[in-house]
Every structure is written in C-alpha cells, then in structure tokens.
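Hi everyone, thanks for making time for this.

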Amino acid sequence: PLPSCPPCRPAAPRCRASTLFPKLILGLRQAGMIARGRLLNPVTGKLEKNLAQATATIDTLGALESRTQGNLEPDEQRVLTQVLGDLRMTFLNEQKKLEG
C-alpha cells in the first residue's frame, strides 16, 4: 500500500491573519486609486474620479490604523502607514488641483 499523506493542517491563525491583513490594506489601496481616477474602474473600464469614495477609503484605512494600534506586526504596520500616507498625500494634491 502507498504511505498515507500526513493530515493537512490549517494555517495557524496568527500566520493566516498576517497574510490576510496586508492583502486587505492593498485592496483598499486599489479601491482608493480607482476612486481617485488613477486606475481603471474594472467594471466600466474607464478612469473615473469619485473623491467622496476616495475619502471613504482613506477614512476606513484611518479607522483600521486607529483600531489596530500596537497590535500589528512591523511589516503590517509599515504597509498600512505607507498606503495611508500615500493616499492622503495624493488626495490632498487632487483637492488642490480642483481648487486652484
């Protein structure tokens, strides 16, 4: 008979969470980029600006940053901080263009 395979073990909860959190942040980054008209909307295939949606995405990331403070791994914190900073900065630049 063939030797049996060892039973599959589900990923440890901490390990799984540490891979899912950056994916969540990067997904929100993509949503923010679409809302700012920097990436094509996958539904319409067009560049569309929706600054209200961009604001909501930034607010969501800000809430995640606030609620997870002190509980993230260094890499998770770095991704969140960088994405949030980039989205905030480019959003401010977009607002300045509209006002000026």
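Okay, let's start with what's in the chain: three helices and zero strands. If you read along the sequence, you get the pattern α-α-α. Keep in mind that what you're looking at is a predicted model.

A few overall numbers. The chain has 100 residues, and 26% of them count as buried. Its accessible surface is about 7400 Å², and carbon and sulfur atoms make up 59% of that. Now take the contacts between residues with a separation of 6 or more: 54% of those come from residues 24 or more positions apart.

Let's go to helix α3, which covers residues 74–99. How far does α3 reach from its first C-alpha to its last? The answer is 37 Å for its 26 residues, and that's close to the 38 Å expected at 1.5 Å a residue. Some of α3 is tucked away, too: Glu76, Val79, Leu80, Val83, Leu84, Leu87, Phe91 and Glu94 are buried.

So what does α3 pack with? One partner is helix α2, residues 51–67: the two axes are 10 Å apart, and the angle is about 150°. Anything over 145 degrees counts as roughly antiparallel, so that's what we call α2 relative to α3. The crossing where α2 passes α3 is left-handed. On the α2 side, the residues making the contact include Leu51, Thr55, Ile58 and Leu61, and on the α3 side they include Leu80, Leu84, Leu87 and Phe91.

Now for helix α1, residues 13–35, where I'd like to show you Pro22. Is Pro22 buried or exposed? Its relative accessibility is 18%, and buried means under 20%, so Pro22 counts as buried. Pro22 and Leu80 are 58 residues apart along the chain, yet their C-alpha atoms are separated by 7.6 Å.

Another one to find in α1 is Gly32. Gly32 has a relative accessible area of 2%, so this residue is buried as well. Which residues is Gly32 in contact with, leaving aside its neighbours within four places in sequence? Those are Thr57 and Leu87.

Note on methods. Residues are numbered from 1 along each chain as its sequence is written. This is a predicted model: local features need pLDDT of at least 70, side-chain atom pairs count only at pLDDT 80 or more; totals for chains, interfaces and linings use all residues. Side-chain values use heavy atoms; hydrogens and water are left out. Helices (H or I, at least four residues) and strands (E, at least two) are DSSP runs, numbered from the N terminus. The expected span of a helix is 1.5 Å times one less than its number of residues. Buried means under 20% relative accessible area, exposed over 50%, partly exposed in between (1.4 Å probe, protein chains only). Contact means heavy atoms within 4.5 Å. Accessible areas come from the Shrake-Rupley method with a 1.4 Å probe; for residues, only the protein chains shown count as cover. Axes are lines fitted to C-alpha atoms, for helices over the stretch in contact, and angles run from 0 to 180 degrees between N-to-C directions. Angles under 35 degrees count as roughly parallel, over 145 as roughly antiparallel, 65 to 115 as roughly perpendicular and the rest as oblique. A crossing is left-handed if the near helix is turned anticlockwise from the far one by less than a right angle, and right-handed if clockwise.
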